[in-house]
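Subject: Structure handover

Hello,

I am passing a structure on to you, with the sequence alongside. Please open both before reading the notes below.

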Amino acid sequence: LTQSKVDANNDPNTTLSVFGRLGFNHRAAVQLELQKIETDNDSANIRTGTLLVALDLGSNKHLMPMILAGLGFDSASTSYGESTDGHHFEGGLALEYRADSGLVVGGDLRIGGRSIDSQNAIAYPETGVAYYAPSTISDGEYRSARGYVGVRF
């Protein structure tokens, strides 16, 4: 789930994401995430990519608290021809259960800030036409919560 501060009175958006993590040593790793944000408007297509540093904080081999920090890009487009591009910085805390078999179950909470780099809009010169602005990415603070299942090898 993800929600911008601007939309705090509305329901959060659901997300679908995939990530890969490459460990440098037994405590530090780099994580690359690609995410698609589902909105209530079918014409909006929102995608983000984030590069994070993940640091293991615990000493228990199975239950691992982590801290995450990273930066990424944002892209939103609509079937009407409008587009928005931006970048973001985020950080948060995670907790993972790591089974001996390689199964990983985890969750994280993050807070971030987004800046809009460019925005293209289509102008409709006809009068009397109702214009609907689809839900896209917005400038400012956002928060997110993730749950995930993966395989560690």
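Strand β3, residues 28-38, is joined to strand β4, residues 44-56, by 10 bridges, and the two run antiparallel. Two pairings can be looked up directly: A28 of this pair faces L55 in β4, and A29 stands opposite A54 in β4. Please bear in mind throughout that this is a predicted model.

On its other pairing, β4 is joined to strand β5, residues 63-78, by 13 bridges, again in an antiparallel arrangement. Within it, G49 has F73 in β5 as its bridge partner. The two strands β4 and β5 form a hairpin, with 6 residues between them.

β3 also pairs with strand β2, residues 14-23: there are 10 bridges, and these strands run antiparallel. Here T15 has I37 in β3 as its bridge partner. A hairpin of 4 residues links β2 to β3.

As background for reading these strands, side chains in a regular strand alternate between the two faces of the sheet.

For the protein as a whole, the count is 8 strands and 0 helices. The protein has 153 residues, and 34% of them are buried. Of the contacts between residues at least 6 apart in sequence, 58% join residues at least 24 apart. The accessible surface is about 9,300 Å², and carbon and sulfur atoms account for 59% of that area.

The last item is the inside of the model. How many cavities of 30 Å³ or more does a search of the whole structure find? The search finds 1. The volume of this largest cavity is about 90 Å³. Its lining consists of 13 residues, and those nearest the centre are Q35, T48, E90, Y142 and R146. Four strands each supply at least two lining residues: β3, β4, β6 (83-98) and β8 (140-151). Sorted by type, the lining has 6 polar, 5 charged and 2 nonpolar residues.

Regards

Note on methods
Residues are numbered from 1 along each chain as its sequence is written. This is a predicted model: local features need pLDDT of at least 70, side-chain atom pairs count only at pLDDT 80 or more; totals for chains, interfaces and linings use all residues. Side-chain values use heavy atoms; hydrogens and water are left out. Two strands pair if DSSP finds at least two bridges between them. On a 1 Å grid over the protein atoms alone, a cavity is a set of points where a 1.4 Å probe fits but cannot get out, and a pocket is an open set with protein on both sides within 12 Å along at least five of seven lines; lining residues have an atom within 4 Å of a point. Grid points are joined across faces, edges and corners, and a volume is the space filled by probe spheres set on the points. Ala, Val, Leu, Ile, Met, Phe, Trp, Tyr, Cys and Pro count as nonpolar, Asp, Glu, Lys and Arg as charged, and the others, Gly among them, as polar. Buried means under 20% relative accessible area, exposed over 50%, partly exposed in between (1.4 Å probe, protein chains only). Contact means heavy atoms within 4.5 Å. Accessible areas come from the Shrake-Rupley method with a 1.4 Å probe; for residues, only the protein chains shown count as cover.
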